[in-house]
Amino acid sequence: MSTNPSPHLRDLAAPRNFFIGAAVHTGAFSGDESDYRDLLQREFNVLVAENMMKFGELSRTPNTYDWTHSDALVDFAAQHGMKVRGHTLVWHQQLPKWVTSSQWTTHDVQTLLEQHIKTVVGRYRGRIWAWDVVNEAIADSGGYRTDSFWYQQLGPEYIALAFRWAHEADPNAILYYNDYEAEALNPKSDGVYALVRDLKQSGVPIHGVGWQMHVGEGWRVSDGHHQNAARLRELGLELAMTEMDVRCQTPATAAQLESQATSYREAVEFALATCSALVLWGFTDKYSWIPRFRPGYGAALPFDAAYQPKPAYYAIQQALVGTDEAAQAQAKD
Ligand code: G3I
């Protein structure tokens, strides 16, 4: 049984009109671990599907959709007063084999993508707070990612088309461009800035930029983060930290876990001032993607594999409490 540290993160975030969330692991969520669901609804006020809303997970055979898991997630969030981030409509990964292994004309692919976006967004119209419409379309160089099926089939136009289709399907959903390692100032974040600036100036319905925040222990906020956030917000876009985890070399030492806690605290303090939300990519080390994809690393999340809070959890809690004044103000409530 997990300990139940209070005050819970969502109870501290709500009075500050801030959203603190986690990605939901399909197997854990649909399994019989009551700890998993209990902790989700106790601590967080926004959820995102780690995988269950991706093209390859929803539509494994042509023109069919399995909504079992995504419906369960959206229903759970509604039952517990939580918002949902939709992830993700257009990505170069986790595409169905029936899409990538077939011969299509350009018109076929455009129709296919429009139908996919309108089917998924339409199903959850009014129930999804924000969509990661396009994920990871910019390369490290700052140019377009050219190893994307969508880029190869449709050219860069696929990006604007995707946003327009998503907006047609749900005019009230907040539409994000989402990427990784484009948080501080670098060629990639310059490329993301140029992309979203041009989209915005062309009248494309884009509303926000997601910083994934897959970082390593030792990460700290820098001037580059502040400068990048400022230029994006000057475009009239909102920001969110969408997939945060702070990987450590494993087994993580106490010193590494304290450093990890500092990473989380600085990120939350930054997000409170600049972002609509901070979403973790999972919440327990038991179900993190890191060990499989980054061998030798793990221990990236605020709860350990036994659902026990780590120093990172308490650092997030304290950052949400904020200054003494804010804490005293909250204490009076
Ligand atoms: O669902 C299939 C299952 O049917 C099959 O039997 C099994 C065989 O291995 O694979 C299952 O799919 C796996 C999927 O996760 C669901 O568990 C894929 O192999 C596996 O590659 C996939 O990994 C996900 C990864 O994206 C894909 O690149 C991770 O869980 C997920 O955490 C990760 O998340 C991404 C974000 O969406 C975008 N930003 C980066 C982030 C980390 O890569």
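How much space lies in the second largest pocket? About 190 Å³ lies there. The model is predicted, with local features needing pLDDT of at least 70 and side-chain atom pairs counting only at pLDDT 80 or more, while totals for chains, interfaces and linings use all residues. Residues are numbered from 1 along each chain as its sequence is written, and side-chain values use heavy atoms, leaving out hydrogens and water.

A pocket is an open set of points on a 1 Å grid over the protein atoms alone, where a 1.4 Å probe fits and protein lies on both sides within 12 Å along at least five of seven lines; lining residues have an atom within 4 Å of a point. Its volume is the space filled by probe spheres set on the points, which are joined across faces, edges and corners.

The second largest pocket is lined by 14 residues, with Tyr144, Pro156, Leu195, Asp198 and Leu199 closest to its centre. Helix H9 (157-169) and helix H10 (187-201) each supply at least two lining residues; helices are DSSP runs of H or I with at least four residues, numbered from the N terminus. H10 gives the largest share, five residues.

The largest pocket holds about 680 Å³ of space. Among its 25 lining residues, Trp91, Gln93, Trp281, Trp289 and Phe293 lie nearest the centre.

Elsewhere to consider is Gln256, found in helix H12 (residues 254-274). Gln256 counts as buried because its relative accessibility is 14%, where buried means under 20% relative accessible area with a 1.4 Å probe and protein chains only.

Technical notes. Buried < 20%, exposed > 50% of the residue type's maximum accessible area, 1.4 Å probe, protein only.
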